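Look at the sequence and the structure below. The paragraphs that follow go through some of the local features in turn.

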Amino acid sequence: MAQKRILVIGGTGAQGFAVVKALVEAKDPFTVRVLSRNPDSETVKETFKDYPQVELVKGSFMDFDSVERALQDCYGVFVNTDGFTVNEADELWSGIRIFEIANTIPTLRHFVYSSIDYYLRLTNFDHKYAAHHTNGKGRVHTYLDGMTSPAHPDSKLVWSVLITGPYNEDLIGGPYVPHIAADGTRVFRLPLGEGYIPFMTLQDCGAFALHMFQNREEWSGKTLLATSHFSNGKEIAETLSRVAGVKARYEPITVKEWVDTLPYANAPVSSMYPDGITVGQNFSMWWPGFANSILKNEGTRDLGEMKRINPNLQSLEDWIRETKWDGTARQVLKGFKDGGITAEMQQLRAE
Ligand SMILES: NC(=O)c1ccc[n+]([C@@H]2O[C@H](COP(=O)([O-])OP(=O)(O)OC[C@H]3O[C@@H](n4cnc5c(N)ncnc54)[C@H](OP(=O)(O)O)[C@@H]3O)[C@@H](O)[C@H]2O)c1
């Protein structure tokens with residue numbers, strides 16, 4: 001039987017590439033096409049050097065003609081728009097418009113939208129939780145949730161939403177890379193209080209997306225609220241120390257102190273909008289969701305269900321062992337690499 005083709009929007013990035021790998025390395029693999037603004041760049045060539053079977057096509061998720069072309073002959077589409085390139089309004093608009101276009105593609109059967117928890121809605125629209133990169137995706141999720149699946153009686157396309165969480169890999173390259181003190185201690189100075197982060201490893205993210213494409217009927221019109229594990233600051237430091245054999249400690253700080261130690265805090269959060277809000281301003285509205293354990297309190301994740309769906313679900317300890325993370329920084333996000341935010345710049349300053 002011919003393999004089904006999936007278009008992965010965002011497939012050259014950290015999340016999308018994890019999904020690509022899961023799709024092409026599955027026992028019954030899918031054929032994969034990836035949309036990229038610069039498919040011929042050295043970075044993209046390097047990412048795909050061991051995956052010559054993946055088709056790379058040029059386009060932008062904001063250029064809807066290019067999306068329509070890329071969707072031709074596809075069975076499914078995984079949509080991870082990038083709220084750190086565009087702003088929250090663009091993310092809302094592109095998510096909705098891509099869904100509308102998807103409904104016109106005769107071969108398309110499954111639209112999987114990658115979202116994040118909509119903290120603003122979960123907290124009765126409290127501005128304190130209004131991080132722009134969570135708002136855009138959360139609003140698209142709400143739009144889809146208001147649809148039947150299929151959205152029209154004549155359509156054969158069903159939709160599903162995969163809600164992920166902050167990547168474990170952000171600990172390697174992202175907003176919570178520890179500072180390394182002179183004696184080698186990894187110091188996690190984070191505005192997390194006693195709160196929990198609903199972590200998602202990139203490997204698990206790929207496994208959840210694969211599961212959804214493999215089980216279209218089960219997930220038609222449904223949302224998978226996924227997580228790998230919840231961990232607090234103390235657990236992160238203690239587990240790193242025990243597994244990697246390095247000294248580590250957690251120091252809770254205020255959001256303002258965290259912004260002051262983040263080397264790229266004044267950069268725009270959306271690279272296409274240099275006059276928009278900064279990384280520091282955006283993430284100041286993101287940490288409170290974890291510090292106040294909004295998800296943990298709401299009981300919005302079911303770890304037993306996670307293991308049923310993904311028997312290889314990674315605990316924090318599994319993830320540290322399997323990635324050999326030792327608290328040092330490495331480049332993870334394509335956007336950071338393209339934007340000149342080096343691994344060194346991702347390490348938090350001492351104070
Ligand atoms: N970091 C986290 O912990 C985390 C967790 C959950 C969700 N997310 C969400 O994931 C998104 C970012 O993806 P990522 O984490 O994989 O980051 P990344 O490694 O920086 O990758 C960004 C991806 O977005 C693509 N992209 C950006 N603008 C595009 C455009 N106009 N048209 C087509 N593709 C475009 C890039 O493709 P090209 O450069 O090849 O065009 C690349 O594949 C954000 O919206 C973020 O909120 C992040």
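Which residues does R330 touch, not counting residues up to four places away in sequence? R330 touches I172, G173, A343 and Q346, where contact means heavy atoms within 4.5 Å. The model is a predicted one, in which local features need pLDDT of at least 70 and side-chain atom pairs count only at pLDDT 80 or more, while totals for chains, interfaces and linings use all residues. Residues are numbered from 1 along each chain as its sequence is written, and side-chain values use heavy atoms, with hydrogens and water left out.

R330 is found in the loop between α15 (316-323) and α16 (334-338). Helices (H or I, at least four residues) and strands (E, at least two) are DSSP runs, numbered from the N terminus. With a relative accessible area of 46%, R330 is partly exposed; buried means under 20% relative accessible area, exposed over 50%, and partly exposed in between, with a 1.4 Å probe and protein chains only. R330 and Q346 are 16 residues apart along the chain, and their C-alpha atoms are separated by 8.4 Å.

E91, in helix α4, counts as buried because its relative accessibility is 0%. Leaving aside residues up to four places away in sequence, E91 touches T81, D82, G83, V86, H133, G136, K137 and V140.

Helix α4 (residues 88-102) also meets helix α3 (residues 64-71): their axes come within 10 Å and cross at roughly 40°. Axes here are lines fitted to C-alpha atoms, for helices over the stretch in contact, and angles run from 0 to 180 degrees between N-to-C directions. The angle makes α3 oblique to α4, since angles under 35 degrees count as roughly parallel, over 145 as roughly antiparallel, 65 to 115 as roughly perpendicular and the rest as oblique. On the α3 side the contact is made by F64, V67, E68 and L71, and on the α4 side by W93, S94, R97, I98, I101 and A102.

The aromatic rings come next. A search of the whole structure finds 21 aromatic pairs. Rings of Phe, Tyr and Trp (its six-membered ring) pair if their centres lie within 6.5 Å; planes under 30 degrees apart count as stacked, over 60 as edge-to-face and the rest as tilted. W286 and W287 form an edge-to-face pair, at 5.1 Å centre to centre and with 70° between the planes. W286 and W287 are buried. They belong to one aromatic cluster together with F84, Y119, Y176, F199, W258, F283 and F290.

Two lysines lie over tyrosine rings. The charged end of K4 sits over the ring of Y75, 4.6 Å from its centre, and K296 lies over the face of Y196, at 4.1 Å from the ring centre. A charge sits over a ring if NZ of Lys or CZ of Arg is within 6 Å of the ring centre and within 35 degrees of the ring normal.

Some backbone details remain. N124 is found in the loop between α5 (119-122) and α6, and its phi is near 55°, a positive value in a residue other than glycine. N124 is exposed, with a relative accessible area of 67%. F125 lies in the loop between α5 and α6 and has a positive phi of about 60° although it is not a glycine. F125 is partly exposed, at 47% relative accessible area. In the loop between α6 (132-145) and β6 (158-164) lies P150; the peptide bond from S149 to P150 is cis, with omega near -5°.
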